[in-house]
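Open the model in your viewer and keep the sequence panel beside it. The stops below are meant to be selected one after another.

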Amino acid sequence: MTEPIAKDPVCGMDVDPATAKHQHDHAGEIYYFCGARCCERFAERPGDWLSGKAQAEIAANASKDARYTCPMHPEIEQIGPGSCPKCGMALEPMTFSAEAEPNHELIDFIRRFWIGGVFALPLLLMAMGDMLPFLSFHAWLGAGFGWTQLILASPVVLWAGAPFFVRGWQSIGNRSPNMFTLIALGTGAAYLYSLVAVVLPGLVPDAFKAMNGAVALYFESAAVIIVLVLLGQMLELRARERTGDALRALLNLTPDVALRIGPNGEATEVALDAVVAGDLLRVRPGDRLPVDGRLVEGSSAVDESMISGEPMPLTKAQGDLLIGGTVNGTGSFVMRAENVGADTMLARIVDMVAQAQRSKAPIQRLADRVAEWFVPLVVLSAILAFAVWAIWGPPPALAFAVVAAVSVLIIACPCALGLATPMSVMVATGRGASAGVLVRDAAALESLAKVDLLLVDKTGTLTAGRPSLTSIIPANDFDGDTLLRFAATLERDSEHPLGAAICKAASERDLEPGVLSGFTSITGKGVSGQVDGHAVGLGNAALMTDLGVSLKALQDRADILRGEGATAVFVAVDGQAAGVLVVSDSIKETTPAALAALRDDGIEIVMVTGDNRRTAEAVAVKLGIDQVEADVLPADKEAIVRRYQAAGRRVAMAGDGINDAPALARADVGIAMGTGTDVAIESAGITLINGDLSALVRARHLASATLRNIRQNLFFAFVYNAAGVPLAAGILFPFLGILLSPMVAAAAMSLSSVSVIGNALRLRNVKL
């Protein structure tokens, strides 16, 4: 018999085993290669080539030719990595691989933060200690006090803060002033002024000297600001990394290998990227499906909850559609591959999530929008102050002009502005965690405070997400416990969720299983067998028809149950209809009250689910939900979010499944159940730890309080600067002879920071 054509596991080329000159034996299997180089590369790391890891590394190394974009300005795109010309943030790749790549910027900032902190801490102690008479470093060091501070501050400002100065300079060149512009101006002004005071003290007029002739230095301000900003950047980069983790989690749902059936009928394990459309693949019990396709031989129940949200596995027969990444049940079958690689549903979901996440606008844009006018205004004020003092100031006019301009820039230092959002967010996230709410970033809080429409998934969000036996309806004088014991005996070895629910209910009632014989399972219909000598059937109406059992007395009741969103499982004993077991996915106890509270807060609620319309509307009626979007696929959910957004609504999406991930990412804020999938949690901005919608009410109150707090902080930060800039420029000098000392400017700057921190700490006690 002719050997089938093999594929080179390295390059993917077809190879004829009969004529191949290069082969390698690995784990008892022979692999064939197109040439010596492929064979050598495979022999070095066979496991990585078979798992696809080596291919992923090759793709990662080619990222220099990939397209990159800015997470804050998605309109910015370029070939290869770099920084955004508008905001200065590092650009991110527009495509993702299953393997996580090291974040070189985060690694660099961590190193700069720790090294900068080592120098900034003693510098801060020196500056603070000098204010106490019993701990005066100035008295101890004498003339070396200023030089010691200069030596400590220079590595922090010139090396640790170098990226901020580079981006600040780029923002000026690009005419896009932003936070880095403010950081560079503030820290640069503080450092340069102090440098002049130490190296060229003669340029500093007597008006800026203390009684003992000492000149105030601001090295600690420049250094501490740099370290704080580095800390904020580290936290931001870590949060951005989690976005990539969500996409990689999606990509890793599909297996690394597939069982491909050759012309001789034998199944051979091949790398997933070697599968092409038209290949026949065998799927074993419990395996994840490798690609999208259709079933051609056999049958099974497949768990598609990751796509549809349905907790019940769907019975698959010949010709039915199969989706890659879903989980096969207990049956074995053969499928024909149709959509592979980037064409699979999972790959399309990854693409949708990536696009939706890039469309989010972080709250830091507020500071950048203000910086567009604030930075030019401060610079203009400094130039104007310099000109006025240089022309009309008393001798030495130039020295006064230089110091006045520097004082303006010092008092406009963005320390408080930089703390305004991070401090509120840090306190709020801690407060939220204690209330069962995990917050990803400030943007999520801002968006949640503004939403007026909540799209909510049904299964696992409004309901428990797992079926349970809710009632037993006996017929023909049968006893309920007897029916349940018979049913549990038939289902005791079943892995089907319905069977598990029945067995669990029997166990909770301490019902011992009977003696089972002649067991038969009929795919798509149910099970039957002899229990304690009685012929028992358990399943749907089709099974009852096959057993010759009349359901006339139970059919109407079963239809009512389905209309209420429940599943009716018929039981027959000795050829008679014995009753109905009612299995349903029950509504969470806290859901009605939570929805009512959200409505009272002005939020409109729409159910969006992959369930059938009859079941969805039955649940909606119980919860008072007027609008229902049913029978929707993942792409439909994401499209529904976009439709409402296009109509001017601010949309929140709550869900727990992989099928919800694109919609969670596209919404103004995504809300994931902590009891749901990792992908849903990673795609959302808010996670409710216990999967309880009542926590969403607390999250809404927290979001409103946090947004209000951030606005207050920004107000405090700018009020101090707005009031201090004209004072530093010397506006009171012609009238009162008062010229603001840089020490007073620093005190005002510190006071603004203290007020911001104190105000943010109030969030710890906010009532939720």
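**Before selecting anything**

This is a predicted model, in which local features need pLDDT of at least 70 and side-chain atom pairs count only at pLDDT 80 or more, while totals for chains, interfaces and linings use all residues. Residues are numbered from 1 along each chain as its sequence is written, and side-chain values use heavy atoms, with hydrogens and water left out.

**The whole chain**

Show the chain as a cartoon: it has 28 helices and 29 strands. Helices (H or I, at least four residues) and strands (E, at least two) are DSSP runs, numbered from the N terminus. Of the 768 residues in the chain, 51% are buried. Buried means under 20% relative accessible area, exposed over 50%, and partly exposed in between, with a 1.4 Å probe and protein chains only. Among contacts with a separation of 6 or more, 64% are between residues 24 or more positions apart; a contact means heavy atoms within 4.5 Å.

Helix α6 covers residues 144-160 and helix α7 covers residues 162-173; their axes come within 5 Å and cross at roughly 45 degrees. The axes are lines fitted to C-alpha atoms, for helices over the stretch in contact, and angles run from 0 to 180 degrees between N-to-C directions. The two helices, α6 and α7, are therefore oblique to each other. Angles under 35 degrees count as roughly parallel, over 145 as roughly antiparallel, 65 to 115 as roughly perpendicular, and the rest as oblique.

Show side chains where the helices meet: V157, L158, W159 and A160 belong to α6, and A162, P163 and F165 to α7. What kinds of residue make up the contact of α6 with α7? Seven are nonpolar, with no polar and no charged residues. Here Ala, Val, Leu, Ile, Met, Phe, Trp, Tyr, Cys and Pro count as nonpolar, Asp, Glu, Lys and Arg as charged, and the others, Gly among them, as polar.

**Select 613-623: a helix and its cover**

In helix α22, the buried residues are T615, A616, A618, V619, A620 and L623. G624 follows α22 and has a positive phi, near 75 degrees.

**Select T706**

T706 sits in helix α26 (residues 694-729). Is T706 buried or exposed? T706 counts as buried because its relative accessibility is 0%. Its side chain reaches the backbone oxygen of L702 at 2.7 Å. Apart from neighbours within four places in sequence, the residues in contact with T706 are S424, A428, L445 and L763.

**Select the salt bridges**

The whole structure holds 17 salt bridges, each a side-chain nitrogen of Lys or Arg within 4 Å of a carboxyl oxygen of Asp or Glu.

- R45 and D48: the closest N and O atoms are 3.0 Å apart. R45 is partly exposed at 28% relative accessible area, and D48 is partly exposed at 22%.
- R509 and D481: the N to O distance is 3.0 Å. R509 is in the loop between α18 (497-508) and β20 (516-522), and D481 is in helix α17 (residues 480-491), so the pair links distant parts of the chain, 28 residues apart. R509 is partly exposed at 44%, as is D481 at 34%.
- E629 and R643: the N to O distance is 2.5 Å. E629 lies in strand β26 and R643 in helix α23 (residues 634-646), so the pair ties together parts 14 residues apart in sequence. E629 is buried at 19%, whereas R643 is partly exposed at 44%.

Salt bridges that share partners also join D108, R111 and R112 into one network.

Most residues other than glycine have a negative phi. D532 has a positive phi, near 55 degrees, and lies in the loop between β21 (526-531) and β22 (534-539). D532 is partly exposed, at 35% relative accessible area. D574 also has a positive phi, near 55 degrees, and is found in the loop between β23 (567-573) and β24 (576-584). At 43% relative accessibility, D574 is partly exposed.

Technical notes. Polar contact = N/O pair within 3.5 Å; in protein donor to acceptor, adjacent residues only side chain to side chain.
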